[in-house]
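Open the model in your viewer and keep the sequence panel beside it. This tour tells you what to select at each stop.

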Amino acid sequence: MALQPEIEKALNDQITAEFASSYAYLGMAAFLEAESLPGMAQWMRTQSQEEWTHGMKIYQFVLDRDGRVALGELGAAATEYESPLAVFEAAAAHERKITGLINDLYAKATEARDFASLPLLDWFVAEQVEEEAAVNQIVDDLRRAGGEGHTILMLDREMAARTTVPAEPGA
Ligand SMILES: [Fe+2]
Ligand SMILES: [Fe+2]
């Protein structure tokens, strides 16, 4: 079944939102790197790459459905924050916002009986649970650390381990 115009638009808006996430996280990574937290910067760069793959996943889906891709504006991304904690709090708030967008998209697709979109959107629903949990854990760790330099350094070194992007398009 061909894509209905409102579903095509909603999918395109989500492509832009995923690329905007990628851009936002790249800005956060730049701040963390400048603050001499290379592990956290590495984690955030990987997050940025993962968001890119999310955008591409929907991009490919729109094309596979014989739709037309439209790429919206990204706007500037912040590269200055008050603290590493403020960065991860902003990332957590951002993921909650994205979860809301995915839920709205799911509701729209269901209402329009665009059932072909649902397996893709199921993947995104599950992905958002993981993403929110991961970033909330980091926020909790940083809050627990307070300003304690040694603990923050330890967290930074641990977070350097994240170097792969598991969510390749089509997976
Ligand atoms: Fe995403
Ligand atoms: Fe995300």
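**Before you start**

This is a predicted model, in which local features need pLDDT of at least 70 and side-chain atom pairs count only at pLDDT 80 or more, while totals for chains, interfaces and linings use all residues. Residues are numbered from 1 along each chain as its sequence is written, and chains are lettered from A and ligands numbered from 1 in the order in which they are written.

**Stop 1: the whole chain**

Show the protein chain as a cartoon. It has five helices and zero strands. Here helices (H or I, at least four residues) and strands (E, at least two) are DSSP runs, numbered from the N terminus. Trace the chain from the N terminus: the elements run α-α-α-α-α. The radius of gyration is 17 Å, close to the 16 Å that the globule rule gives for 171 residues, so the chain is as compact as a globular protein of that length. That radius is taken over C-alpha atoms, and the globule rule is 2.2 Å times the number of residues to the power 0.38.

Of the 171 residues, 32% count as buried. A residue is buried if 20 or more other C-beta atoms lie within 10 Å of its own, exposed if 12 or fewer, and partly exposed in between; C-beta atoms are placed from the backbone.

**Stop 2: helix α1**

Select residues 5-34. This is helix α1, with 30 residues. At 1.5 Å a residue it should span 44 Å, and its end C-alpha atoms are 44 Å apart, which agrees. The expected span is 1.5 Å times one less than the number of residues.

**Stop 3**

Axes are lines fitted to C-alpha atoms, for helices over the stretch in contact, and angles run from 0 to 180 degrees between N-to-C directions. The cut-offs: angles under 35 degrees count as roughly parallel, over 145 as roughly antiparallel, 65 to 115 as roughly perpendicular and the rest as oblique.

The crossing of α1 and α2 is left-handed. A crossing is left-handed if the near helix is turned anticlockwise from the far one by less than a right angle, and right-handed if clockwise. Colour the contact of α1 with α2 by residue type: its residues divide into 17 nonpolar, eight polar and five charged. Ala, Val, Leu, Ile, Met, Phe, Trp, Tyr, Cys and Pro count as nonpolar, Asp, Glu, Lys and Arg as charged, and the others, Gly among them, as polar.

**Stop 4: the loop between α1 and α2**

Zoom to S36, in the loop between α1 and α2. Its phi is near 60 degrees, a positive value in a residue other than glycine. With 10 C-beta neighbours inside 10 Å, S36 counts as exposed.

**Stop 5: inside α2**

Pick G39 in helix α2. With 18 C-beta neighbours inside 10 Å, G39 counts as partly exposed. Draw a distance from G39 to Q60: the C-alpha atoms, 21 residues apart along the chain, are separated by 32 Å.

Is K57 buried or exposed? K57, also found in helix α2, has 21 C-beta neighbours inside 10 Å and counts as buried. K57 and S117 are 60 residues apart in sequence and 12 Å apart in space, C-alpha to C-alpha.

**Stop 6: the loop between α2 and α3**

Go to S83, in the loop between α2 and α3. With 13 C-beta neighbours inside 10 Å, S83 counts as partly exposed. Its C-alpha atom is separated by 8.8 Å from that of E35, 48 residues apart along the chain.

**Stop 7: α3 against α4**

Select residues 84-111 for helix α3 and 118-145 for helix α4. They pack at an angle of about 160 degrees, with their axes 9 Å apart. So α3 and α4 are roughly antiparallel to each other. Their crossing is left-handed. The contact of α3 with α4 divides into 18 nonpolar, three polar and six charged residues.

In the loop between these two helices, α3 and α4, find R113. Its phi is near 55 degrees, a positive value in a residue other than glycine. R113 has 10 C-beta neighbours inside 10 Å and counts as exposed.

**Last stop: D141**

Select D141 in helix α4. D141 is partly exposed, with 17 other C-beta atoms within 10 Å. D141 and L85 are 56 residues apart in sequence and 9.3 Å apart in space, C-alpha to C-alpha.
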